[in-house]
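Me: I have a model open and would like to go through it with you, piece by piece. Could you take my questions as they come?

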Amino acid sequence: MKFNRKKNAVAPSLAGDAAETPVAATEPARPRDSAQVDIDGDGVARVDLGGLLLAPVEGLEVRMQVEESTGEVQAVVYAGADGALEVRAFAARRGGAMWDEIRPQVAADAARKGGTATAVPGPWGDELLCQFTAPMPDGTPGRQESRIVGIDGDRWFVRGTLIGAPAVDDTARAPYDAALASLVVRRGAGAMAPGEALPLVVPASARRLDT
C-alpha cells in the first residue's frame, strides 16, 4: 500500500499481495459490515485502515491521499492501468437511503459546474455518469467523465467514483467492481452525524510516495 501526503500520496502496498488472495472479479457481492465478516478467520489478507478494511485485487494497487498538515486520510484509491476507483465511507442513519438523498445533490452540483450527471443502471442500482468539458493536454477541448456509485449499509454509506475506462466501458469494470464489493466497513458503535466520514488511518506498512 502506498500513500501520498497531500498533496503527496500514500499507498499501502496491496499490489504485491494480490496474487496471494485475489478477489473474484465476478463476485456478485457488496460491501459488508465488519460484524458480518470473520475478519481473522476467513483467510483474506486485508489492510486495516480503521473504518475500512481493504482486500487485494489482482491488477490494482491501493493508494491513499493524506493531508500533509493533519495526517488525515482523505481518500482511498484502487489504481489500475486503465483507470481508478476512489472510495469513501460515511456514517448514515440506520435504515436510511443516503444514496437516494445524495444523487440529486450531485446532479445539481455538476450542473452548477457546467457539466451533467445522468442516472444510469449499475450492479448496485442507479449510478451517476458525470460528464464535464475539460481541456486536453494539447489545449483542445475534451470530455472528462466519471461514474459515481452509492451503496447503503447498516448505518454507513460507501461512495465509489470510477475514473478512466471503467467509468465509460462496462468491460473494464470487473476488477474495480470486485474491489468495491470486497470492502469491509467498520462503522463502530459511537455516535456520528449522517454524512460524517468514517475515520481512516495510515497502516504501518504504507510506503510514502513523493509526487
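Reply: What follows is a walk through this predicted model, in which local features need pLDDT of at least 70, side-chain atom pairs count only at pLDDT 80 or more, and totals for chains, interfaces and linings use all residues. Residues are numbered from 1 along each chain as its sequence is written, and side-chain values use heavy atoms, with hydrogens and water left out.

Me: Let's start with Trp-124, where is it?

Reply: Trp-124 sits in the loop between β9 (116-122) and β10 (125-135), where helices (H or I, at least four residues) and strands (E, at least two) are DSSP runs numbered from the N terminus.

Me: And is Trp-124 buried or exposed?

Reply: Trp-124 counts as buried because its relative accessibility is 19%; buried means under 20% relative accessible area, exposed over 50%, and partly exposed in between, with a 1.4 Å probe and protein chains only.

Me: What does Trp-124 touch, leaving out residues up to four places away in sequence?

Reply: With contact meaning heavy atoms within 4.5 Å, Trp-124 touches Ala-29, Arg-30, Val-149, Gly-150, Ile-151, Arg-173, Asp-177, Leu-180 and Ala-181, once residues up to four places away in sequence are set aside. Ala-29 is 95 residues from Trp-124 in sequence, while their C-alpha atoms are 9.2 Å apart in space. The backbone oxygen of Ala-29 lies 2.9 Å from a polar atom of the Trp-124 side chain.

Me: Arg-173 is on that list, so what about its own setting, buried or exposed?

Reply: Arg-173 is found in the loop between α2 and α3, and it counts as buried because its relative accessibility is 4%.

Me: Which side chain does the Arg-173 side chain make a polar contact with?

Reply: The partner is the side chain of Glu-127, at 2.9 Å; a polar contact is a pair of N or O atoms within 3.5 Å, where within protein one must be able to donate a hydrogen and the other to accept it, and residues adjacent in sequence count only if both atoms are side-chain atoms. Beyond its neighbours within four places in sequence, Arg-173 is in contact with Pro-123, Trp-124, Glu-127, Arg-147, Val-149, Leu-162 and Pro-166.

Me: Switching to strands, how do β9 and β10 pair?

Reply: They run antiparallel and are joined by seven bridges, with two strands said to pair if DSSP finds at least two bridges between them. Thr-118 stands opposite Leu-129 in β10, and the two strands form a hairpin with two residues between them.

Me: Which residues of the largest nonpolar core touch the most other members?

Reply: They are Leu-54, Val-76, Tyr-78, Leu-85, Val-158 and Leu-180, in a core of 32 residues; a nonpolar core is a set of buried Ala, Val, Leu, Ile, Met, Phe, Trp, Tyr and Cys residues joined through side-chain atoms within 4.5 Å. Among the elements that each supply at least two residues of this core are β8, β11, β12 and α3 (174-181). A second, separate core of 10 residues includes Phe-90, Ile-102, Leu-128 and Phe-157.

Me: How many residues of α3 are buried?

Reply: Six of the eight residues in α3 are buried, so the helix is mostly covered. The buried residues are Tyr-176, Asp-177, Ala-178, Ala-179, Leu-180 and Ala-181, and their cover includes β7, β8, β11, β12 and α2 (165-168). Leaving aside its neighbours within four places in sequence, Leu-180 is in contact with Pro-31, Leu-85, Val-87, Trp-124, Val-149, Ile-151 and Val-158.
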